[in-house]
Amino acid sequence: MTILQDAKKAVLPGVVELYIVDATALGGPVFYLTPNVAPGSTGNVSFGGQAYTPFPIVGEGWESGIDGAPPRPSLRISNVTRFIQSYLTQYSDLVGAKVTRMITFDKYLDSGATPDSTQILRSDVYLIEQKASHNKREVVFTLASVLDNPLRTIPRWKVLRS
């Protein structure tokens, strides 16, 4: 059974959000985070052999509007433990880091009933455009589509008449 067949059922399996914050373009690390906890466990969530650390992270505004403009979601990461604080200072507020959000069902996790890392319901890729706010409790980032970069031209190559 595929993830699309599962999505059409009256009762859905547990939905799992997985976030990859890739700061390697800035010289930083890659963070694998999830707001979910593995069923029957208090440890990491594993998907496709990669461990995702349970951490307070919330993404909002992923849906496109009627006007067809790309969404500008926001990403809230907890700052209570000061986990993200040193990375903000060291890597220019993580502006330009790539954020990938994947949605799957818990049955497709490595510890699930039918582990399969190819079963992804939705995958969104954005870049951190700016740090919108920062306080003791949380850091909020504004994300932009990778196609919404003002310095990028499409197509990336020159098209000549001849």
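Modeller: Start with a pair of strands: β8 and β9 form a hairpin, and three residues lie between them. This is a predicted model.

Colleague: What makes β8 and β9 a pair of strands?

Modeller: Two strands count as paired at two bridges or more, and β8 and β9 are joined by seven, so they qualify. They run antiparallel. Within this pairing, Q130 has T142 of β9 as its bridge partner.

Colleague: Which other strand is joined to β9 by bridges, and how many are there?

Modeller: That is β6, with five bridges to β9, again antiparallel. I77, for one, has V139 in β9 as its bridge partner.

Colleague: How do you know whether T142 is buried or exposed?

Modeller: The relative accessible area of T142 is 17%, and buried means under 20%, so T142 is buried. T142 sits in strand β9. Beyond its neighbours within four places in sequence, T142 is in contact with P73, L127, I128, E129, Q130 and A132. As for the strand as a whole, seven of the eight residues of β9 are buried, so β9 is mostly covered.

Colleague: Where do these strands stand in the sheet, and what is its order?

Modeller: The sheet is open and has nine strands, in the order β3-β4-β2-β1-β7-β8-β9-β6-β5, with mixed pairing.

Colleague: Why are β3 and β5 said to stand at the edges?

Modeller: Each of them has a single partner strand, so one side of β3 (45-47) and one side of β5 (57-60) are left without a neighbour in the sheet. On average, neighbouring strands of this sheet are turned by 35 degrees against each other, direction ignored.

Colleague: What makes β3 and β4 paired?

Modeller: Three bridges join β3 to β4 (residues 50-54), and at least two are needed, so the two strands pair. They run antiparallel. V45 stands opposite Y52 of β4.

Colleague: What does the protein chain hold in terms of helices and strands?

Modeller: It has two helices and nine strands. Along the sequence they follow the pattern α-β-β-β-β-β-β-α-β-β-β. Of the 162 residues of the chain, 34% count as buried.

Colleague: Why is the pair of F31 and Y87 called edge-to-face?

Modeller: Two values decide it. The ring centres are 4.8 Å apart, within the 6.5 Å needed for a pair, and the planes stand at 75 degrees, over the 60 needed for edge-to-face, so the name applies. F31 belongs to strand β2 (residues 30-34) and Y87 to helix α2 (residues 85-90), so the pair ties together parts that are 56 residues apart in sequence.

Colleague: How do you know which label, buried or partly exposed, goes to F31, and which to Y87?

Modeller: F31 has 6% relative accessibility, under the 20% limit, so F31 is buried. Y87 has 22%, which lies between 20% and 50%, so Y87 is partly exposed. Ring pairs also link F31, F55, F83, Y87 and Y91 into a cluster. A search of the whole structure finds eight aromatic pairs.

Colleague: Which residues have the most contacts inside the largest nonpolar core?

Modeller: They are L75, I77, L94, V99, I128, F141 and L143, in a core of 21 residues. Two or more residues of this core come from each of β1 (15-22), β2, β6 (74-78), β8 (122-134) and β9 (138-145). With three residues, β9 gives the most. A second, separate core has eleven residues, among them L18, V45, F105 and L109.

Colleague: What is L94 in contact with?

Modeller: Apart from neighbours within four places in sequence, L94 is in contact with A23, L26, I84, Y87, L88, I128 and F141.

Colleague: How far apart are G14 and D106 in sequence and in space?

Modeller: They are 92 residues apart in sequence, and their C-alpha atoms are 5.3 Å apart in space. Not counting residues up to four places away in sequence, G14 touches T104, F105 and D106.

Definitions and conventions:
Residues are numbered from 1 along each chain as its sequence is written. This is a predicted model: local features need pLDDT of at least 70, side-chain atom pairs count only at pLDDT 80 or more; totals for chains, interfaces and linings use all residues. Side-chain values use heavy atoms; hydrogens and water are left out. Rings of Phe, Tyr and Trp (its six-membered ring) pair if their centres lie within 6.5 Å; planes under 30 degrees apart count as stacked, over 60 as edge-to-face and the rest as tilted. Helices (H or I, at least four residues) and strands (E, at least two) are DSSP runs, numbered from the N terminus. Buried means under 20% relative accessible area, exposed over 50%, partly exposed in between (1.4 Å probe, protein chains only). A nonpolar core is a set of buried Ala, Val, Leu, Ile, Met, Phe, Trp, Tyr and Cys residues joined through side-chain atoms within 4.5 Å. Contact means heavy atoms within 4.5 Å. Axes are lines fitted to C-alpha atoms, for helices over the stretch in contact, and angles run from 0 to 180 degrees between N-to-C directions.
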